Amino acid sequence: MHQQIEKIPRSARSASRVSFREITFNDLEAILELLCEGFPRRTYQYWQEALARLTERPLVAGFPRYGYLLEAEGQPQGVLLLLTAVVDSAVRSNLSSWYVRQPYRGFATQLVQLATRTRGATYLDLTPAPKVLPIVEALGFKP
């Protein structure tokens with residue numbers, strides 16, 4: 001007697017093991033690794049200093065201190081730093097330094113959607129790489 005095995009689509013298998021959450025202080029070492037991998041022109045020390053500055057910045061209520069990560073296989077596989085501040089009583093949040101490892105790139109837009117979900121804030125990407133411009137435009141960002 002043979003059991004019938006239902007074939008589960010690859011995207012469904014991947015989705016079941018992918019999650020998104022705020023970056024915590026305990027994630028910083030793994031995030032440093034991702035940032036160095038995704039932005040090889042920047043040094044480890046550069047990213048250490050950047051994360052140290054984020055640690056020291058005033059926290060804006062309703063926004064994460066560092067940003068968000070995509071987690072799979074028990075490890076961060078994607079990162080999006082979110083630099084948020086109150087400027088002239090308006091909340092401005094810059095999406096910075098986002099990178100997702102190749103096997104999980106299909107989930108990158110979900111990471112951006114999570115980061116931009118709070119109403120009443122202005123979201124910016126002040127320094128998008130040329131290859132990112134079509135993505136941010138498709139997500140509704142305007143020059």
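**Strand E4 and its surroundings**

Asn94 stands opposite Leu124 of strand E5, and that pairing is a handy way into this predicted model. Strand E5 covers residues 121-124, and four bridges tie E5 to E4, with the two strands running parallel. Between them on the path comes helix H4, residues 108-115; together E4, H4 and E5 make up a β-α-β unit that is right-handed. E4 itself takes in residues 90-100 and is mostly covered, with nine of its 11 residues buried.

E4 also pairs with E3, this time in the antiparallel sense and over nine bridges. In this pairing, Gly78 sits across from Val100 of E4. The two strands form a hairpin, with two residues between them. Asp88 is in that turn and has a positive phi of about 50 degrees. Ser89 is placed in the loop between E3 and E4 too, and phi of Ser89 is likewise positive, near 65 degrees, in a residue other than glycine. For context, most residues other than glycine have a negative phi. As for solvent, Ser89 counts as exposed because its relative accessible area, 74%, is over the 50% cut-off.

In contrast to the exposed Ser89, Ser97 is buried, with a relative accessible area of 15%. The cut-off for buried is under 20%, so Ser97 falls inside it.

The largest pocket holds about 940 Å³ of space. Its lining is made of 28 residues, and Phe39, Ser96, Ser97, Trp98 and Ala129 are the ones closest to the centre. Helix H3 (44-56), E3 and E4 are the elements that each give two or more residues to this lining. E4 supplies the largest share, with six residues.

Back on E3, which spans residues 75-87, Thr84 is worth a look. What does its side chain do? It makes a polar contact with the side chain of Ser93, at 2.6 Å. Setting aside residues up to four places away in sequence, Thr84 touches Arg57, Val60, Phe63, Val91, Arg92 and Ser93. Ser93 therefore shows up both in the contact list of Thr84 and as the partner in the polar contact, a pair of N or O atoms within 3.5 Å. Thr84 is buried as well, since its relative accessible area of 7% is under 20%.

On to E2 and its link to E3. These strands pair in the antiparallel sense over six bridges, with Tyr68 having Leu80 of E3 as its bridge partner. As with E3 and E4, E2 and E3 form a hairpin with two residues between them. Glu73 lies in this turn, and its phi is positive, about 55 degrees.

Glu71 is found in E2, the strand of residues 67-72. Is Glu71 buried or exposed? It counts as buried, because a relative accessibility of 18% is under the 20% cut-off. The side chains of Glu71 and Arg21 are joined by a polar contact of 3.1 Å. Arg21 is also in the contact list of Glu71, which, leaving aside neighbours within four places in sequence, consists of Arg17, Val18, Ser19, Arg21, Pro76 and Gln77.

Finally, there is Lys142, located in the segment after helix H5 (133-138). Lys142 counts as exposed, because its relative accessibility of 73% is over 50%.

How values were computed. Residues are numbered from 1 along each chain as its sequence is written. This is a predicted model: local features need pLDDT of at least 70, side-chain atom pairs count only at pLDDT 80 or more; totals for chains, interfaces and linings use all residues. Side-chain values use heavy atoms; hydrogens and water are left out. Buried means under 20% relative accessible area, exposed over 50%, partly exposed in between (1.4 Å probe, protein chains only). A polar contact is a pair of N or O atoms within 3.5 Å; within protein, one must be able to donate a hydrogen and the other to accept it, and residues adjacent in sequence count only if both atoms are side-chain atoms. Contact means heavy atoms within 4.5 Å. Two strands pair if DSSP finds at least two bridges between them. A crossover is right-handed if, with the strands pointing away from the viewer, the path from the first strand over the helix to the second runs clockwise. On a 1 Å grid over the protein atoms alone, a cavity is a set of points where a 1.4 Å probe fits but cannot get out, and a pocket is an open set with protein on both sides within 12 Å along at least five of seven lines; lining residues have an atom within 4 Å of a point. Grid points are joined across faces, edges and corners, and a volume is the space filled by probe spheres set on the points.
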